[in-house]
Amino acid sequence: MAGGPRHVGDVMTRAVVTVGRAALFKDIVQRMAQWHVGALPVLEGDGRVVGVVSEADLLPKEEFRENDPDRLTQLRRLSDLAKAGGVRAEELMSAPAVTVRADATLAEAARIMALRHVRLPPVVNAEGVLEGVVGRGDLLTVFLRPDNDLADEVRRDVVDVLFPAPVEPVHITVAEGVVTLTGRVDATRIPLAERLVRGVEGVVGVDCRLTVADKD
């Protein structure tokens with residue numbers, strides 16, 4: 001894809017293991033073990049995501065199996081205690097699910113995952129129907145872009161826009177995702193150039209060696 005991944009839909013996993021509301025505790029655990037996943041979207045009959053059941057949702061059953069919590073713990077952990085007694089997915093899941101859209105940028109998805117503390121949010125359409133899942137590893141694939149692709153995008157979308165001919169050319173080199181800029185340019189545009197290059201997806205770092213061109 002020209003320009004590399006831009007949106008969640010470019011990197012998400014489309015084959016997803018799911019369960020329905022009535023799925024039983026043991027079946028959920030078996031599916032997680034079989035498919036090596038830590039969370040499963042819970043779907044309605046039409047494929048709409050109504051929740052997510054994760055390992056964290058299942059652990060209270062073991063934690064409180066032989067533990068009689070005191071009153072303070074009961075008040076503080078009402079949700080976990082309810083899940084400890086749950087048997088079906090609808091009793092165990094976290095709802096509503098934290099989801100992302102396929103047209104969300106990778107930065108937007110990463111921000112949602114960080115702020116909401118989720119590792120594998122479902123990807124849904126406008127009607128809430130499941131389209132895939134996206135994980136942290138999926139978001140990191142953008143950093144696998146070849147250096148020459150990064151150099152081409154920096155040249156096309158940043159350098160050629162900020163420093164068009166006949167200005168003295170800006171030289172671009174990229175090594176292991178680190179972009180180095182050299183050349184003599186208008187001083188007012190140097191900070192903007194560095195910021196825009198840093199915003200190119202897949203760029204690991206920027207070594208800005210641009211210097212100020214002499215005024216005629």
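Predicted model: local features only at pLDDT ≥ 70, side-chain atom pairs only at ≥ 80, totals over all residues.

Colleague: Okay, strands to begin with. How many bridges join β2 to β3?

Modeller: Five bridges join them, and the two strands run antiparallel. Strand β2 covers residues 39–43, and β3 covers residues 49–54.

Colleague: Which residue in β3 is the bridge partner of A39?

Modeller: That would be S54.

Colleague: And what do β2 and β3 form, with how many residues between them?

Modeller: They make a hairpin with five residues between the strands. In the turn, G47 has a positive phi of about 90°.

Colleague: Is β3 buried or exposed?

Modeller: Buried: six of its six residues fall under 20% relative accessible area, so β3 is largely enclosed by the rest of the structure.

Colleague: Switching to charges. How many salt bridges does the count come to?

Modeller: The count comes to 11 salt bridges. One of them joins the side chains of E44 and R21, at 3.3 Å from N to O. E44 sits in the loop between β2 and β3, while R21 is in the loop between β1 and α2, so the pair ties together parts that are 23 residues apart in sequence.

Colleague: How accessible are E44 and R21?

Modeller: Both are partly exposed: E44 has a relative accessible area of 26%, and R21 comes in at 30%.

Colleague: Which residue does E90 form a salt bridge with?

Modeller: With R21 again, the closest N and O atoms being 3.7 Å apart. E90 lies in helix α6 (residues 89–92) and R21 in the loop between β1 and α2, so this pair ties together parts that are 69 residues apart in sequence. E90 counts as partly exposed at 36% relative accessibility.

Colleague: Which residues are linked with R21 in the network of salt bridges?

Modeller: R21 is linked there with E44, R48, R88, E90 and E91.

Colleague: Now helix α2. What separates R31 and D27?

Modeller: About one helical turn, because they are four residues apart in α2.

Conventions:
Residues numbered from 1 in each chain as written. Heavy atoms only, no water. Buried < 20%, exposed > 50% of the residue type's maximum accessible area, 1.4 Å probe, protein only. Pairing = 2+ DSSP bridges. Salt bridge = Lys/Arg side-chain N within 4 Å of Asp/Glu carboxyl O.
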